[in-house]
Amino acid sequence: GVVLYEMLTHHLPFEGETAVSIALQHMRGEVPRPTKFNPAITPMLEECVLTALQKDPDKRYNSVSDFISELKMAQGFTTSIYKPAQPEFAAMTKPIAQKTEKIARTKTEGKLSHLITNFPQKYIWIAMVLLFISCFLWAFFSFGNFWSTSNVTVPMLVGEPVEVAQKTLKEMNLKFSIDEIASDDIPAGQVISQTPVGGASVKEQRIIHLTVSKGGAVILVPDLKGLTLDQAKERLGKLDLALGAVENGSDQSQPAEIIISQSPQSFSKVAKGTLVNIVINLRQPVNVPNLVGMTLADAKNALDSVHLTLGTISSSDGVAADDSAVVLAQNPTGGVSTNESSVNLTIGKKEKTQKKTGSVNITIPKNGNSRHVVIYIIDDNGKSVSYDQQVKPGSTVNQSVSGIGNVKVQVLIDGNIVQDREL
């Protein structure tokens with residue numbers, strides 16, 4: 001029953017992180033119906049599998065012959081058409097030879113049985129212990145990093161394109177396996193189900209099993225959102241669809257160079273060769289706020305306000321990345337314009353010196369051309385850019401500035417210092 005279940009679904013009836021958890025499921029859990037992983041299984045074949053996997057032996061098949069009969073009926077056959085062949089008289093020499101072989105094999109098996117019976121018991125026990133240790137080590141090294149202390153929350157990947165799911169799992173230090181099944185309801189390349197489910201807590205390097213649609217007789221438009229242009233072309237080519245118009249859009253909450261919308265929409269049923277139009281996200285340049293001197297909590301809020309995300313966090317002195325940690329450096333630096341979606345930070349212990357804040361107000365003359373305005377902050381953490389832009393004539397620059405310890409503000413217009421003062 002277990003072998004047939006795995007052949008039909010590519011999954012074991014019970015899966016877990018340890019051999020003990022799997023054994024407990026065998027005793028207490030209910031076997032998931034095979035159609036959960038493979039909808040193509042017929043109801044009668046499913047009942048055959050579940051009967052063979054009954055926990056109560058009295059509810060299983062009485063013999064292998066009964067099991068075979070049920071399987072044949074599930075395929076549309078009956079056992080009555082399988083009649084034993086009647087040997088011809090002229091061919092009786094072959095059964096005699098087979099009988100001789102059977103007698104010789106019986107003698108050999110008898111000798112082997114006698115040898116095992118008279119084998120010293122202590123060696124049998126040693127062999128059993130070695131076998132148990134081998135099985136334990138196999139399970140230990142096959143089902144993830146049990147020695148790892150890091151737990152990871154499994155993301156919800158159902159409905160996502162398989163490329164996005166793979167990238168997400170790699171970034172979370174998880175592995176994956178992929179099974180493909182036919183489906184007329186789910187576009188090809190889209191995740192149908194996952195094991196473990198989204199929200200479960202597992203160790204790093206755990207394998208997440210993904211069941212992915214490989215399409216069906218009807219062509220369904222796949223979900224291209226979150227893919228790059230090259231990935232979209234590859235996906236459409238596999239489905240006999242073509243890439244249509246490519247337009248530029250802007251969504252500051254999404255990474256650059258990915259698809260943010262499409263037409264026709266995903267799950268639409270279309271004909272072969274249909275053109276799919278897409279919109280690529282081209283993020284507008286964003287002024288990176290100056291985060292140096294802020295706590296990590298304040299830095300997160302400042303990034304959220306301009307639709308930037310927190311990138312990698314490194315510690316200069318081993319301090320934990322909690323909300324009270326202080327930002328010592330950042331990349332990109334504060335005040336510059338960037339098309340990136342994240343900012344990397346270096347944190348450290350909270351300084352005793354207090355943070356100083358202030359503002360710079362500059363008005364550009366109405367006559368003439370636009371001016372290049374740069375505002376520098378020089379404090380105990382070094383020199384950083386707070387503002388760097390071309391300003392139109394008659395415009396006023398109001399820029400909040402801050403620093404740690406002794407803070408000096410420098411304002412340059414077209415490369416000339418017009419302000420150099422303490423904050």
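**View 1. Contacts across the chain of the predicted model.** Among the contacts in the chain with a separation of 6 or more, 67% join residues 24 or more positions apart, where contact means heavy atoms within 4.5 Å. The chain holds nine helices and 21 strands, taken as DSSP runs numbered from the N terminus (helices H or I, at least four residues; strands E, at least two). This is a predicted model, in which local features need pLDDT of at least 70 and side-chain atom pairs count only at pLDDT 80 or more, while totals for chains, interfaces and linings use all residues. Residues are numbered from 1 along each chain as its sequence is written, and side-chain values use heavy atoms, with hydrogens and water left out.

**View 2. Helix 3 and its buried residues.** In helix 3 (residues 43–52), the buried residues are Leu45, Glu46, Cys48, Val49, Leu50 and Ala52, buried being under 20% relative accessible area (1.4 Å probe, protein chains only). These buried residues pack against helix 1 (2–9) and helix 4 (64–74). Of the 423 residues of the chain, 31% count as buried.

**View 3. The lining of the largest pocket.** Helix 7 (162–171) and strand 8 (259–263) each supply at least two residues of this lining, and helix 7 gives the most, with five residues. By class, the lining has seven nonpolar residues (Ala, Val, Leu, Ile, Met, Phe, Trp, Tyr, Cys and Pro), five polar (the others, Gly among them) and four charged (Asp, Glu, Lys and Arg). A pocket is, on a 1 Å grid over the protein atoms alone, an open set of points where a 1.4 Å probe fits, with protein on both sides within 12 Å along at least five of seven lines, and lining residues have an atom within 4 Å of a point.

Notes
Buried means under 20% relative accessible area, exposed over 50%, partly exposed in between (1.4 Å probe, protein chains only).
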